[in-house]
Amino acid sequence: MAVISFKCPNCDGELIFDPAAQQYKCEYCDSTFTQEELDKMTPEMCTEQKIDDTSDGTQAEETETQDAVVYTCPSCGAQIITDATTAATFCYYCHNPVILGGRLEGDFLPDKVIPFEITKEAAVKRFLEYVGRKKFVPKAFFSKQQIETISGVYFPYWNYQADVENVMQGEAKKIRSWTTGDIRYTETKVYHVKREGVVSLSNLTENALQKANADLARGVMPYDFDKMKDFHMGYLSGFLAEKRDIEKETLTDKMQNQAKLFTDKMMRSTISDYNSVSIEDAKIRFRGENWSYCLLPIWTITYKGRDGKIYYYSMNGQTGEICGELPVDKKKLGLVSGAVSAAILILGLIGGFLS
Ligand SMILES: [Zn+2]
Ligand SMILES: [Zn+2]
């Protein structure tokens, strides 16, 4: 298991990702480095630092346990205690960033990442503005100490795309009434309606971490997925990161269902100008399904209320949108969260006059 850190070539200080400059910065000598420059550096790697402190001293297999795992800080040698899903953290003693590279290898290597764009200072300012507007946020939330606990965390998500082929058929009615003299006439025209099309859906996104508050993980959507980048360990430097513990197989039904509902709604919206529509048959086929594992940036604060309950506040680390558990904005918790980009490629339209 490797513990990775990126060292400044000028002073050997730790390099961290700077959201404002979208570059790497040395906190000690203020040198900055681009992604290209970082790619050329060999990260400092300490392997086999894991210490088994639980049993008889034999090396514990990290993958087999959900328990805390202990690492040694590459900067100061102190022990770092992590839980099973931690992928990046800070040393409690020297505050240097520590990336647990081994947690992000093989199948767990993220495909994509959206780097933080909101700095910690900006995040704190926005949070204060936000809670200042909410009368029912407890006073303790304003304490400087509380605000200082704000953390930038990369959360794991599954990102799904697919072409959804849909053939739907049904019956639609147009009803017209009029009166001539003493007689009231009603004319009902019945149409057979059919819609056939392929809807290309991308960026359907689902939380991939069990312990994440699902509503909040979804509530900070949408992200600008156009700015998604290929994953690089360096982006995690200076932040916390979690690795996924939910596999895509467990989300397939849910994703397909969302894609189906979205496609269905989109195609139904093209059947207009009728008094009633009833769809009798819809054949759905998924083509070109593609999953990518991505890390998305969230600023989080947790707050313990007087009732003893833990409240979570989170902010989209790219756009600054806030989602809090107390003042939940229901709109943002919508099914597809507006993050879906869709395009109809083919739309056949057959409307037959039956009677
Ligand atoms: Zn330096
Ligand atoms: Zn340390």
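Student: How is Q22 counted, as buried, partly exposed or exposed, with 14 C-beta neighbours inside 10 Å?

Tutor: The general idea is to count other C-beta atoms, placed from the backbone, within 10 Å of a residue's own: 20 or more makes the residue buried, 12 or fewer exposed, and anything in between partly exposed. Q22, with its 14 neighbours inside 10 Å, therefore counts as partly exposed. Please bear in mind that this is a predicted model, in which local features need pLDDT of at least 70 and side-chain atom pairs count only at pLDDT 80 or more, while totals for chains, interfaces and linings use all residues. Residues are numbered from 1 along each chain as its sequence is written, and chains are lettered from A and ligands numbered from 1 in the order in which they are written.

Student: Where is Q22 found, and what is its phi?

Tutor: Helices (H or I, at least four residues) and strands (E, at least two) are DSSP runs numbered from the N terminus, and Q22 is found in the loop between β2 and β3. Its phi is positive, about 55 degrees, although Q22 is not a glycine. N203 is also not a glycine and has a positive phi, of about 60 degrees, but N203 lies in strand β12 and counts as buried, because it has 22 C-beta neighbours inside 10 Å.

Student: Which strands make up the open sheet that contains β2?

Tutor: Strands of a sheet pair through backbone hydrogen bonds, either parallel or antiparallel, and here two strands are taken to pair if DSSP finds at least two bridges between them. The open sheet has 3 strands in the order β2-β3-β4, with antiparallel pairing. β2 (15–18) and β4 (32–33) stand at its edges with a single partner strand each, so one side of each is left without a neighbour in the sheet. β2 is joined to β3 (residues 23–26) by 4 bridges, and D18 stands opposite Q23 in β3.

Student: How many bridges link β11 to β12, and what kind of turn lies between them?

Tutor: Strand β11 pairs with β12 (residues 183–207) over 23 bridges in the antiparallel sense, with L204 in β12 as the bridge partner of Y160. The two form a hairpin with 2 residues between them, and G181 in that turn has a positive phi of about 60 degrees. β11 (residues 151–180) also pairs with β14 (residues 240–242), here in the parallel sense over 2 bridges, and the partner of V153 in β14 is L240.

Student: Which residues of helix α2 are buried, and how are they arranged?

Tutor: An α-helix has 3.6 residues a turn, so residues three or four places apart point the same way. In α2 the buried residues are A123, F127 and V131. Seen down the helix axis, they fall within an arc of 60 degrees (taken from the directions from the axis to the C-beta atoms), so they line one face of α2. The face turned away from that side carries the exposed residues E121, E129, G132 and R133.

Student: What is the largest nonpolar core made of?

Tutor: A nonpolar core is a set of buried Ala, Val, Leu, Ile, Met, Phe, Trp, Tyr and Cys residues joined through C-beta atoms within 7 Å. The largest one here has 66 residues, and A88, V98 and Y154 are among those with the most contacts inside it.
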